[in-house]
Amino acid sequence: MFSVELALFKERFLLKSFLTYVGIYPLVLVFQFFTGNEGAPQLFFPALAVLFGSSFWLVFLNDGKTDSYRRLLPSLPFGRSEIYLSHFALRFLLWIIGCLISYAISFFASLFLDIQLDLSHVLYGISLSFGIFSLSNLSLQFKPMISIAYLGALTGLSLGLLLSANNLLMQELQNIHLWGPTLLGISFALGLFLTVFNGVLYRWRRP
Amino acid sequence: MGLIGENGAGKTTLMKILLNLVRAEEGQVKIFGKDHVKEEITIKDRIGFVFEENPYYENLKPSQVAKILSLAYSRWDWNYYRDLVKLFGLSEKPIAKLSKGQKMIFSFIVALSHHAELLLLDEPTAGLDPVVRREFLNELRNYLAGGDRSVFFSTHITTDLELVADKIAFLHKGNILFSEDVDELSNKYHLVRAEKSLLMKVDLIGYEEKKTHAIGVYEGERSDLETLPCSVEPASLEDIMYFATRGRHV
């Protein structure tokens, strides 16, 4: 099943879907951080990590018509548990790579921008990113077009909340002592719950 | 085996149940003598399917989809795939740009290319032009001639079933009205034409009144009707389906 998932990634690439639905988000970050509007440079890494965590770019695999996870793949010789585990494993791997890329970009950007990359901001970014990643995985429950809308909205909302609140969200979390490893632990616990819930739902639901 | 029934009778739902895409409310499904849920993966590896709607990635070309599917099936045969593509003249362009008939043919080629022992075909001939339809049915006959293979074929085009099926099941509002050998059907169901007053007295599965006479389908021995002043001929599948579905209609 994992090889089928990888082949899907290789064979399918819909630049049009990507540009139409989610291509705007990387631009938002460029405008936010590279046009002199330095509202909260410490949010650069968290914003990038959230962007990758939302799997927004996976929209390029979705043509809006093919019901891969609810119709096609379950018709092939795969069990639903296998499909779900493979779906999760590949995306989890991509999430880790996304976090590393986010960190690398942030590191290079920090050479000429006032970007803070201390441990607390990195943990904050990873925590938020994993939460959004877990929510984004629910997209396999939906019809193709709804899935695109869901991923687009999730990315837009999470980035919007993160950036518009400036540093308020981070400060509030600090005030209630949900910070650093605690926040990361909560995020992973919630993510685990969502992942199990999503898997059980996918296994038992027959749309 | 052919499966007939009016729209909404449950034909597609039954196909989905067999593929475990829909859960059955009651009863048990066994395919190749195995539970279709417990042995899902091994069973599906031996099943080919053709849905009325194309389930494959619309932006990909047939060979790209085939490349992905070849990873899923343990007995995928590229040579057979290429032969079938050639036979049906399938275009190598994105599936979205193929005609409805070509999409159906592609699904059929995929279903055959992994040497499935059971084909589930849901309205496969809908949208095919007469030439391609004939080629499709010929290939289906070749497939069936190849040995221990079965086809479960739902359609509205009952003449297709008369050409390939040896058993027919009639589904009506989720229930099987009958499941018979094709040869038995022509012995068992008769199209009867007679005066209205006469047909009213015969126990028909359905009839229809015309201006001068009435017409209906009788289930039973032909000899039962020999003493009556009526014309009797073997009922076609379409006749049986029509009258059984509509019942007594004035």
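How many bridges join strand 10 of chain B to strand 11 of chain B? There are 5, and the two strands, residues 204–209 and residues 214–219, run antiparallel. Strands here are DSSP runs of E with at least two residues, helices are runs of H or I with at least four residues, and both are numbered from the N terminus. Two strands pair if DSSP finds at least two bridges between them.

Before going on, a word about what you're looking at. This is a predicted model, where local features need pLDDT of at least 70 and side-chain atom pairs count only at pLDDT 80 or more, while totals for chains, interfaces and linings use all residues. Residues are numbered from 1 along each chain as its sequence is written, chains are lettered from A and ligands numbered from 1 in the order in which they are written, and side-chain values use heavy atoms, with hydrogens and water left out.

Back to that pair of strands. A hairpin of 4 residues takes strand 10 of chain B into strand 11 of chain B. To find your place in the pairing, look for B:Glu208, whose bridge partner in strand 11 is B:Ile215.

Chain B has another hairpin to visit. Strand 7 (residues 167–172) and strand 8 (residues 175–181) of chain B run antiparallel and are joined by 6 bridges. Here B:Leu171 has B:Ile176 as its bridge partner in strand 8. The hairpin leaves 2 residues between the strands, and B:Lys173 in the turn has a positive phi of about 50°.

Now step back to the whole of chain B. It splits into domain 1 (2–165) and domain 2 (183–249), with bounds that come from an automatic or database domain assignment. Their centres, taken over C-alpha atoms, are 35 Å apart. Where the domains touch, 7 residues of domain 1 are in contact with 5 residues of domain 2, contact meaning heavy atoms within 4.5 Å. About 520 Å² is buried between them, with carbon and sulfur atoms giving 74%; buried area is the accessible area (1.4 Å probe) that two parts lose on being put together, summed over both. On the domain 1 side, helix 7 (residues 158–164) of chain B gives the most, with 3 residues.

Finally, how do the two chains meet? In chain A, 29 residues are in contact with 25 residues of chain B. The chains bury about 2400 Å² between them, 60% of it on carbon and sulfur atoms. The count of salt bridges (a side-chain nitrogen of Lys or Arg within 4 Å of a carboxyl oxygen of Asp or Glu) between chain A and chain B is 0. On chain A's side, helix 1 (2–11), helix 5 (68–75), helix 6 (80–109) and helix 10 (180–204) each supply at least two residues. The largest share, 7 residues, belongs to helix 5 of chain A.
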